[in-house]
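This report looks at the pockets of a model and then at the packing around one of its helices. Please keep the sequence and the coordinates open beside the text.

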Amino acid sequence: MSIQTRGVFVADVAWPEVMKRLRSGATALLPVGAACKEHGPHLPMNSDYLQASWLAASVVERAEVVVWPVISYGHYPAFVDYPGSCTLSRETFTAAVAEILQGIRRAGARRVRILNTGVSTIEPLQQAITRVTDFESILLLDVYHGRHYRAAALEVQQQVRGGHADELETSIMLAIDPQRVDMDKAVCCDVRPIEGPFNRSDPNAPNYSPSGVYGDATLASASKGRRLLQAMVADIIASL
């Protein structure tokens, strides 16, 4: 932790420091990002985890927050056809998050922000929030749905449609850790998704995407990613 840092990571300090900061009014931040979910042939499986970690680190530098470790397993049923991708059932994930939130409340937190980098996790996280009622304030921050982010995405996006391992997400990863991105393997997959899992092997099945990509990853750039990340951080800071 640098001397400029305003917040703290729970994992890096002893419990008295956690207690002191929460008693002084710091907001608890709980990041959620998959560590084992396919992101096409060009991005690592832990792309969501890396995004959640990067965003949490950026907020720690700017705000009085106490950041819990990233929840790296979640409800991601759309990607189980791709080797390595793991999912929890909706109920298991919801129950686990609710218990973690209860632990954060016992630690003394009065305000919580859940930093969510997924889509299929939104509804279970909303359900988990309803099971914990004694916070002064608890908000779910879907980083791909924030006001500043949506405006930035409209500015930079060139692909016709997308939503997973696409131009925008690949750009974000190029800005976070370009060494983890293999643009030689980036592809365009113009699937028109319907509700349900992606399919990598049956061209006649709905949501057919042999690469696991939805969108045009070839259009990605680090400069776009920096703009998008800036917007995400602005949305998170505004919620505090």
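## The largest pocket

Helix H4 (122-130), helix H5 (147-156) and helix H6 (167-176) each supply at least two residues to the lining of the largest pocket, where helices (H or I, at least four residues) and strands (E, at least two) are DSSP runs numbered from the N terminus. The model is a predicted one, in which local features need pLDDT of at least 70 and side-chain atom pairs count only at pLDDT 80 or more, while totals for chains, interfaces and linings use all residues. Residues are numbered from 1 along each chain as its sequence is written, and side-chain values use heavy atoms, with hydrogens and water left out.

The space in this largest pocket comes to about 940 Å³. Its lining has 36 residues, of which Phe79, Gly118, Val119, Ser120 and Gly163 are the closest to the centre. A pocket here is an open set of points on a 1 Å grid over the protein atoms alone, where a 1.4 Å probe fits and protein lies on both sides within 12 Å along at least five of seven lines; lining residues have an atom within 4 Å of a point. The volume is the space filled by probe spheres set on the points, which are joined across faces, edges and corners. By class, the lining divides into 15 nonpolar, 12 polar and 9 charged residues, with Ala, Val, Leu, Ile, Met, Phe, Trp, Tyr, Cys and Pro taken as nonpolar, Asp, Glu, Lys and Arg as charged, and the others, Gly among them, as polar.

## The second largest pocket

About 160 Å³ of space lies in the second largest pocket, and its lining includes Leu141, Asp142, His148 and Met232. Strand E5 (137-142), H5 and helix H7 (222-239) are the elements that give two or more residues to this lining, with H7 giving the most, 4 residues.

## The buried side of H4

Ile122, Pro124, Leu125, Ala128 and Ile129 are the buried residues of H4, buried meaning under 20% relative accessible area with a 1.4 Å probe and protein chains only. They lie on the same side of H4, because they cover an arc of only 165° around the axis, the arc being that of the directions from the helix axis to the C-beta atoms. Their cover includes strand E2 (27-32), helix H3 (90-106), strand E4 (111-116) and E5.

Val97 is found in helix H3 and is buried, with a relative accessible area of 1%. Leaving aside neighbours within four places in sequence, Val97 is in contact (heavy atoms within 4.5 Å) with Ile71, Leu125 and Ala128.

Definitions and conventions: Buried means under 20% relative accessible area, exposed over 50%, partly exposed in between (1.4 Å probe, protein chains only).
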